[in-house]
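Here's a quick tour for anyone meeting this structure for the first time. Take a look at it, then read on.

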Amino acid sequence: MDLVNSHMPMAWQKFHFTEHDWNYDTEPQKHANNRVIHLPRGRFLSGCSGLNGTIITRGCKADYDEWEALRNPGWSWNDVLPLFKKSERFIPTEGFGAATEYHGTDGQLVTTVHPQAPISDAMLDSYINKGISYRPDMFVQGEGEGVGHVTRTVHEGVRTSGADFVNKNPPANLHVLLETTVLRVVLESLPDSESTDSSKYRAIAVEAESKIKADGDAVKLITLRGKKEIIISAGAYNSPCILMHSGIGPKDHLEECGIDVKVDLKSVGQNLSDHPSVFQFYLLKSKMTYDHVIYPLEWLESKSGILGRFPFGPFVFLRLDKLMEDKPEWKAAKEKNPEKDPMGQLPGQPHVEYFSTELYGGGPQHSDLPTKGESCFAVITMLCGTRSRGSIRLNGSDPHGKPKIDHNYLANELDVAVLAEGCRYVNEIVTEGAGTREHITGPWPTTRAHPNGDEQWKEYVRQQAGTCYHPASTCKMGPDEDEEAVVDPRLRVRGIKSLRVADISIMPKLNNGHPQAPAYMIGEKAAQLILEDNRIIG
Ligand SMILES: Cc1cc2nc3c(=O)[nH]c(=O)nc-3n(C[C@H](O)[C@H](O)[C@H](O)COP(=O)(O)OP(=O)(O)OC[C@H]3O[C@@H](n4cnc5c(N)ncnc54)[C@H](O)[C@@H]3O)c2cc1C
């Protein structure tokens with residue numbers, strides 16, 4: 001079945017809470033006023049790339065140099081830049097100062113920039129007016145600070161996604177089974193001659209349930225054998241669950257769930273990271289957004305109109321050192337590495353990302369829709385380098401059960417303080433910046449007041465922060481000496497032969513910015529490693 005909503009960029013919310021969403025929720029978030037936060041994930045061929053915000057940012061040079069410094073050879077910025085380019089086909093746009101040498105031209109993923117709504121030009125003026133440097137194409141160049149524009153995975157009104165790698169020019173040896181859910185990896189004991197203290201099993205197959213091979217709506221249990229290797233790429237929530245259901249994970253937890261333990265790997269499902277984000281809405285005096293021009297028919301008929309874009313304005317990476325230096329949480333934070341700041345960020349990494357919408361919106365929880373022709377927009381503050389870590393645990397031995405996902409958002413006081421200061425400062429930019437100050441009526445909805453003072457901003461953040469949909473690091477990559485590592489720098493699961501993980505669960509630390517470009521990069525890297533290890537290329 002072709003899902004039309006996965007082609008229409010602005011139809012992203014249509015998947016939430018449907019059969020095409022894995023429909024996960026967090027456990028009540030203790031440090032975020034016990035709220036339960038919905039965690040949508042795409043349950044169809046393109047995964048989340050078929051319903052995401054189409055933003056392409058790579059992260060900072062320093063992110064990947066840090067991965068390599070954590071003893072992951074081959075993952076530095078210089079190593080991964082060609083892999084970022086490999087998946088991309090960038091379409092230049094007149095007037096956009098593209099850093100052409102950083103873009104790819106031959107990949108499957110078509111990227112380009114959108115024209116901007118008047119509110120976005122005004123936001124750009126306000127950022128520049130407040131002293132932030134304008135670097136138009138900084139988000140492909142790995143820059144850590146400035147304001148610029150972001151390319152999108154949309155071309156001529158249609159989304160491009162991971163499915164394009166499979167549907168357009170598929171290799172002859174690729175077989176895709178839709179409507180098939182992997183339950184576990186099948187492991188076989190290694191013969192004595194191959195078995196070592198650290199490796200006693202080999203992955204030989206996966207066990208799955210498929211509707212394709214069954215009658216009607218029934219499912220059939222099937223076993224899919226791998227000739228050389230099994231590669232798990234089910235995303236940061238599901239990859240660790242598949243490993244744990246296969247007996248690979250923290251021994252105590254697997255025993256508690258009644259699962260036969262094959263390899264005691266204590267960090268499977270740990271280190272769960274995300275970018276907690278806050279939406280702040282404003283009401284405008286005039287129609288500077290697209291709230292008044294949303295016509296679904298226009299897209300269906302000609303792939304034109306606002307539904308054929310994802311209406312975000314300029315993007316900013318900003319460091320808040322000066323604004324934070326007197327805050328008690330900043331002064332109290334201890335960071336062992338002298339090169340890093342109290343948040344654990346390197347000089348080339350930001351503390352917050354800002355981006356803004358060109359209409360009211362941002363997920364089903366934002367339900368105060370303008371109904372009388374008002375023009376509204378949001379500025380989003382996304383926390384980078386989050387210190388809080390969460391976990392994913394199983395709910396028992398049944399692979400159909402939903403996992404217990406505890407993001408542990410805002411458990412770290414410094415996360416709260418930096419996110420609160422980021423929100424306060426962007427409110428200052430919007431209300432005082434030269435581009436926007438004359439156009440703002442006040443907060444939206446009009447019954448809401450923006451906070452005043454540090455304590456109110458912190459409470460605001462605890463009440464408002466939600467997922468930026470960027471779960472990562474639950475099958476963290478690292479060298480053998482790293483006790484938290486689940487896969488080695490060649491993406492091989494520790495203690496099991498012929499098994500790799502290749503998705504953003506392997507990130508040693510979540511990139512700054514948005515993770516879909518790194519997800520494609522990790523896929524390209526996995527392909528390269530598999531070819532090398534099987535001696536197909538030197
Ligand atoms: C609403 C939303 C908005 C986002 N916006 C952006 C954005 O604008 N820019 C950006 O960079 N990032 C964005 N992201 C995040 C980005 O899309 C993801 O980080 C990226 O897609 C992760 O890729 P992945 O391959 O690790 O996992 P996924 O995209 O989750 O892919 C995993 C795939 O595996 C399948 N799968 C899972 N379990 C099983 C199983 N047991 N058996 C068979 N198949 C299975 C899933 O159905 C899915 O197809 C957004 C995400 C969401 C949800």
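Predicted model: local features only at pLDDT ≥ 70, side-chain atom pairs only at ≥ 80, totals over all residues.

## Around the ligand

A word on classes before we start: Ala, Val, Leu, Ile, Met, Phe, Trp, Tyr, Cys and Pro count as nonpolar, Asp, Glu, Lys and Arg as charged, and the others, Gly among them, as polar. Sorted that way, the shell around the ligand has 14 nonpolar, 13 polar and three charged residues. In total 30 residues surround the ligand, with Gly47, Asn52, Gly53, Gly235 and His514 the closest; a residue is near a molecule if its C-beta atom, placed from the backbone, lies within 6 Å of it.

Which helix gives the most to this shell? That's helix 6, with four residues. Strand 10 (180-189), helix 6 (235-245) and helix 13 (516-533) each bring at least two residues. Helices (H or I, at least four residues) and strands (E, at least two) are DSSP runs, numbered from the N terminus.

Residues are numbered from 1 along each chain as its sequence is written. The protein's mean pLDDT (the predictor's confidence in each residue, from 0 to 100) is 95, and 100% of its residues reach 70 or more. For the complex, the predictor gives an ipTM of 0.99 and a pTM of 0.96.

## What the record says

UniProt's unreviewed entry puts the feature "active site" at His470 and His514. They span 45 residues in sequence, but no two of their C-alpha atoms are more than 7.2 Å apart, so they gather at one spot. His470 sits in the loop between helix 12 (454-464) and strand 23 (496-497).

UniProt positions are in the numbering used here, feature names are shortened, and annotations may be inferred rather than shown by experiment.

Now for an open sheet of six strands, in the order 6-17-18-19-16-22, with antiparallel pairing. Strand 6 (146-148) and strand 22 (440-443) are at the edges with a single partner strand each, so one side of each has no neighbour in the sheet. On average, neighbouring strands of this sheet are turned by 20° against each other, direction ignored. Two strands pair if DSSP finds at least two bridges between them. Strand 17 (residues 312-318) and strand 18 (residues 352-357) have five, and Phe317 has Glu353 of strand 18 as its bridge partner.

Helix 11 (residues 413-432) lies across strand 16 (277-284), strand 18, strand 19 (376-383) and strand 22, at about 145° to strand 19. Contact means C-beta atoms, placed from the backbone, within 7 Å. Axes are lines fitted to C-alpha atoms, for helices over the stretch in contact, and angles run from 0 to 180 degrees between N-to-C directions.

## Strand 11 and its partners

Strand 11 (residues 201-210) runs antiparallel to strand 10, with nine bridges, and antiparallel to strand 12 (residues 220-225), with six. With strand 23 the pairing is parallel, over two bridges; there, Arg202 has Lys497 as its bridge partner.

Most residues other than glycine have a negative phi, and most peptide bonds are trans. Asn23 has a positive phi of about 60° although it is not a glycine. Trp444 and Pro445 are joined by a cis peptide bond, with omega about -5°.

Note on methods
Contact = placed C-beta atoms within 7 Å.
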